[in-house]
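Dear colleague,

I am passing on the structure we spoke about, and I would be grateful if you could look at it alongside the notes that follow.

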Amino acid sequence: MSDKRVDDHADVVIIGAGAGGGVVARRLAEAGLSVVCLEQGEWPDRANYPGATPEWELAAAKQWSSIPSVRNAVADYPIDLTESDLGVVNFNGVGGGTILYAAQWPRMLPSDFLVRSTDGIADDWPIGYEELLPFYERTDRDFGVSGLGGNPMYPPGEDPPLPALPIGATGLRVARAHARLGWHWWPQSNAILSAPYDGRHACVQRGTCGSGCNEGAKASTDLTHFPHVVAKGGRVITGARVVRIVTDGAGLAAGAEWLDREGHAHFQRADVVVCAANAIGSARLLLASAAGTHPDGLANSSGLVGRRLMLHALSTVTGLFDEQLEGWQAHSGGLIQCLQFGLSDPSRGFARGALWELGSAGGPMKAVFAPRGHGVWGADHHRHVRQHLGRSAQWAILGEDLPEESNRVELSTTQFDSSGLPAPKIAYRVSANTSALTDWNIERATESLEAAGAWRVDSLRRLANGHFMGTARMGDDPSTSVVDKWCVSHDIANLLVVDGSVFVTSGAANPTSTIAALALRAADRLIERRAEIPRPRRSVSFGLSPLPRPAIESSPSTPVFVTQTLGTALRQRFERLADVVIPGGDGMPAPSEIAIGGALLDRVLGVRPDLAGPLLALLGATADEPDVALSVLENDPATARTLRYVVAAAYYLSDDVRSGLGYPGTVARPVGRFEYPEYLAEGLLDHLVTDVV
Ligand SMILES: Cc1cc2nc3c(=O)[nH]c(=O)nc-3n(C[C@H](O)[C@H](O)[C@H](O)COP(=O)(O)OP(=O)(O)OC[C@H]3O[C@@H](n4cnc5c(N)ncnc54)[C@H](O)[C@@H]3O)c2cc1C
Ligand code: SF4
């Protein structure tokens, strides 16, 4: 800490370059304020996204995984989940979660802001839908949202700036079922371009949004916001991990202390500090900024920083259809939505509602390992893959999660990031209300897919998700909230929080459109009231107490795969094992017939060098006889999983195999030629509205 550098003063320092940080940075920079954004990750390079390559599913499962502990990149920090029922996903870099998100862009419903008034539980927000509406509309334009206006679940307002994306054969099938059932459905709004817009390309429907969008059609703030910040002279400092927000003697925020890639400490002074590190990262930072006058963390006189964490308990319901729907060809987020059960109805036995979002099927690896990551191996393998690939429709069910003070982010005492900052620890239990809501909606979604003709329906509960809310709630009363309705801390007049932390309740909608609208509203107010915001003293002491720096164990390095290590004998052994895992038949070749142990295996290990070590170990330890191989597969689940994964990854890269399945790979099919959508021609929305054009 002796080589601390004091950076130039800025009007505003923003911590985190994700969705909320991007919106605020752009608005303030365009208004002429000097802005510095500190981001622990890097600028993503679109050319590196794997979506346009045949191997994309392999990279998406590791380097581009949304699970930080799987990705394990330098920018990532550990998240202690030892006391959590749910896992979390995120991305750390310029763009934040918007780099990997599905870009579904629904808004919260008007009644979501009034939970106490409508249900007598939780709390009302200090603002309502109507106050947020102009900001929803402005952010829709900034991000480039495609959708269909007139959804009867919302009050009237501007239509989305771009027409809805195609709903595909999958969406059409389920929409027809809902029209027959008389249930709500609507083309989903997505922050994905259905036509060229703002210098960006339209979506080409490769369905690889979850590992970054090669086309730039999906809105991510590295494309939609930060270039504007830089153009206006704002600075985005990457590789900058903020470890603490520093206050002056009067208790105002004076700036952020951060570490660069080499571990040098810096202090960024600013008149205003904006936390935009998401509802986990911001809570962590506020708690980690505890000091003499605020021993329980910054802005925490209410004791609520980190508390009331809400995570949508995501579930999926997947139906399989006889018809080939080519479900790999679509945007990977929402085709259609259903809000039939979006409003609270106490007669169901639980409070609050759910939003369902229909997704498409994905590529061959998803089909191979369906359902639940297991797959079917041996003689029935090909039938299983044919039944799944392109032929499934999946409802993702997001249920409103109610705030509970015991669900929280705190500082881990056992896990630390590479800078020595305590990891956030999530203590989260799924409530009885959320469980009941989930079970009930799974039953209804099953009915939906059966009505659409699914011959088999499976469900999965409690999936990891990236919707973090509530850890610095807004409110009018400083004793029961952390920030006011403008996202300004009650305790510290020049400290703002502009991410999902400020949510009072979670609603059921994916949160980013609401995060963005709230952030824009907060930025407008900051600009209006700037002259009244007290300024911190220029000279402050910082870094007085060194951070607790535990001895960090370096993680084992990824084994570098050297193709020469895998000589002919081991490659032949791999082929013999592969023939056991996926026998030829049913019109499909055996792995050895496509020389799976040669170039196909090299392609897999080229993209996934992390698999080389386990593969070499298992090949070295496995005998050649098929019976022995079968016994290994049956008795050693970890080895079996590695072998099956590598075999499937190589097998489904083969052109022969792909053409045998009728799977063309990730082909670009630009949208943008708009014909009158079939669902309107068929009148599939007529039971909801009569004047959709
Ligand atoms: C796989 C996936 C799918 C998703 N799908 C959807 C969807 O379809 N629709 C939707 O609405 N939402 C979706 N989300 C959630 C969405 O990404 C988030 O709601 C949104 O990104 C939150 O914005 P934010 O600004 O609060 O935080 P983030 O976007 O998470 O950004 C926070 C940034 O702060 C940085 N940061 C954190 N701590 C520090 C520190 N100490 N120092 C410096 N920098 C720091 C991080 O590196 C990160 O870049 C998805 C998320 C994921 C991961
Ligand atoms: S489907 Fe569209 S939004 Fe998704 S990655 Fe492809 S071009 Fe981008």
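Helices (H or I, at least four residues) and strands (E, at least two) are DSSP runs numbered from the N terminus, and two strands pair if DSSP finds at least two bridges between them.

Before going further, please note that this is a predicted model, in which local features need pLDDT of at least 70 and side-chain atom pairs count only at pLDDT 80 or more, while totals for chains, interfaces and linings use all residues. Residues are numbered from 1 along each chain as its sequence is written, and chains are lettered from A and ligands numbered from 1 in the order in which they are written.

**Ligand surroundings**

Around ligand 1 there are 43 residues, of which Gly16, Gly18, Gly96, Gly97 and Gly466 come nearest; a residue is near a molecule if its C-beta atom, placed from the backbone, lies within 6 Å of it. Helix H1 (19–30), strand E6 (241–247), helix H9 (278–288) and helix H13 each supply at least two residues of this shell, which divides into 17 nonpolar, 23 polar and three charged residues. In that division Ala, Val, Leu, Ile, Met, Phe, Trp, Tyr, Cys and Pro count as nonpolar, Asp, Glu, Lys and Arg as charged, and the others, Gly among them, as polar. Ligand 2 has 15 residues around it, with Cys203, Arg206, Cys209, Cys213 and Lys218 coming nearest, and its shell divides into six nonpolar, six polar and three charged residues.

Strand E6 is largely enclosed by the rest of the structure, since six of its seven residues are buried, and six bridges join E6 to strand E7 (residues 253–259) in an antiparallel arrangement. In this pair Ile245 stands opposite Ala256 in E7, and the hairpin of E6 and E7 has five residues between the strands, with Gly251 taking a positive phi near 85°. In helix H13 (residues 512–528) lies Arg521, which is buried because 24 other C-beta atoms lie within 10 Å. Leaving aside neighbours within four places in sequence, Arg521 is in contact with Leu132 and Phe135, where contact requires C-beta atoms, placed from the backbone, to lie within 7 Å.

**Backbone points to check**

Most residues other than glycine have a negative phi, and most peptide bonds are trans. Ala299, in the loop between H9 and strand E9 (310–311), has a positive phi of about 60° although it is not a glycine, and Ala299 counts as buried because it has 27 C-beta neighbours inside 10 Å. Glu326, found in the loop between E10 and E11, has a positive phi near 50°. A cis peptide bond, with omega about -20°, joins Ala370 and Pro371, and Pro371 lies in the loop between helix H10 (364–368) and helix H11 (381–388).

**The protein overall**

The protein has 20 helices and 18 strands, its C-alpha trace spans about 75 × 65 × 45 Å along the principal axes, and buried residues make up 54% of its 693 residues.

With best wishes

Terms used: A residue is buried if 20 or more other C-beta atoms lie within 10 Å of its own, exposed if 12 or fewer, and partly exposed in between; C-beta atoms are placed from the backbone. Two residues are in contact if their C-beta atoms, placed from the backbone, lie within 7 Å.
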